[in-house]
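Hi,

Here's the structure I said I'd pass along. Have a look, and my notes on it follow below.

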Amino acid sequence: MLKISLSSILLALLLIGCGTPRIDTSNDEKMKSSIQEVKKSLTVEKQKEFDEALQIILFSQINFKNILLNMSSIDNLNNDVKVLLNNKTADEVIQEATKIRVAKIEEEKKIKEAKLEEEKKRALAKIKELEEKKLNIEKSKEILKKIEILSASFEQKTIQYSNLKEPIINLQVKNSTDKAISKIYFEGTVKSIGREIPWITETFNYSIPGGLEVGEIANWSLSPNMFSKWGNVETPKDVILEVEVLKINGADEKEIASIIKFTSEDEEKLKTLKEKYN
């Protein structure tokens with residue numbers, strides 16, 4: 001059996017190492033020529049992999065913002081790249097590029113996960129906000145039912161000496177809530193029996209002089225703007241008026257109840273968010 005001395009093994013490894021071209025970045029000229037020497041020692045397929053690795057290393061060190069703001073950053077870029085490449089073989093350059101690529105993928109993954117987490121956080125907050133709004137709407141509906149529309153009618157009176165017609169909304173309203181009311185917001189629908197499509201659907205509001213006290217009944221004849229929908233459509237004489245209370249303000253003019261704030265778009269958004277995040 002042949003015995004190989006330790007010194008022989010070390011010498012063989014040294015000779016193998018010396019035969020592998022390495023990049024010398026001690027100056028720009030040597031760096032350029034040594035890269036070419038390394039490249040020449042590779043197969044065509046490996047040369048392509050080596051070139052791609054060099055590009056990855058170069059671009060990993062570029063900070064475009066710093067370069068635009070400070071030209072000295074270009075020198076820093078050159079130094080950083082030289083440090084990464086110095087005394088490396090082609091395989092070591094490729095390994096370095098692989099590490100950079102993997103780190104980049106991991107960084108992008110973390111950024112994406114953080115973005116998704118933030119998006120989910122905002123969505124859950126929005127769900128909570130919309131659910132609270134919806135709950136308040138349900139509470140408001142119960143309160144607004146206590147503003148009783150005892151009678152409602154709509155007519156258009158011809159203004160003397162003109163062809164214009166003044167729209168008139170006649171209402172009898174009872175306040176069955178436990179608070180005095182200063183202002184009421186309504187939606188009115190004018191239609192004819194037997195006709196599916198109404199003549200007018202429009203909102204209006206009334207600031208009540210002296211307010212509407214608890215248990216009080218009031219009769220009002222309101223005159224909406226004749227140039228609004230109320231006056232732009234000529235309606236038959238046998239129309240009926242349906243009125244829904246949308247919102248009421250208290251004696252301090254602050255909102256007591258409202259069903260205006262939660263829209264069909266809010267409902268659809270809430271449904272979509274809950275399907276995605278709950």
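A quick definition before the notes: a helix crossing is called left-handed if the near helix is turned anticlockwise from the far one by less than a right angle, and right-handed if it is turned clockwise. Keep in mind that this is a predicted model.

With that in hand, the crossing of H6 and H8 comes out left-handed. H6 covers residues 90–144 and H8 covers residues 264–277; they pack at about 135 degrees, and their axes are 10 Å apart. That angle makes H6 oblique to H8, because only angles over 145 degrees count as roughly antiparallel. On the H6 side, the residues in contact are Glu-119, Lys-120, Ala-123, Leu-124, Lys-126, Ile-127, Leu-130, Glu-131, Lys-133 and Lys-134. They meet Asp-266, Glu-267, Lys-269, Leu-270, Leu-273, Lys-274, Lys-276 and Tyr-277 from H8. Sorted by class, that contact holds 11 charged residues, seven nonpolar and no polar ones.

Then there's H2 (residues 28–40) with H3 (residues 44–60): their axes cross at roughly 145 degrees and come within 9 Å. H2 brings Ile-35, Val-38, Lys-39 and Lys-40 to the contact, while H3 brings Gln-47, Phe-50, Asp-51 and Leu-54. The class count here is four nonpolar, three charged and one polar.

Ile-159 sits between strand S1 (147–158) and strand S2 (165–175). Leaving aside residues up to four places away in sequence, Ile-159 touches Leu-164, Lys-165, Glu-166 and Met-226.

Cheers

Methods. Residues numbered from 1 in each chain as written. Predicted model: local features only at pLDDT ≥ 70, side-chain atom pairs only at ≥ 80, totals over all residues. Heavy atoms only, no water. Axes fitted to C-alpha atoms, helices over the stretch in contact; angles between N-to-C directions. Helix = DSSP H or I, 4+ residues; strand = E, 2+ residues; numbered from the N terminus. Parallel < 35°, antiparallel > 145°, perpendicular 65-115°, else oblique. Contact = heavy atoms within 4.5 Å. Nonpolar A, V, L, I, M, F, W, Y, C, P; charged D, E, K, R; others polar.
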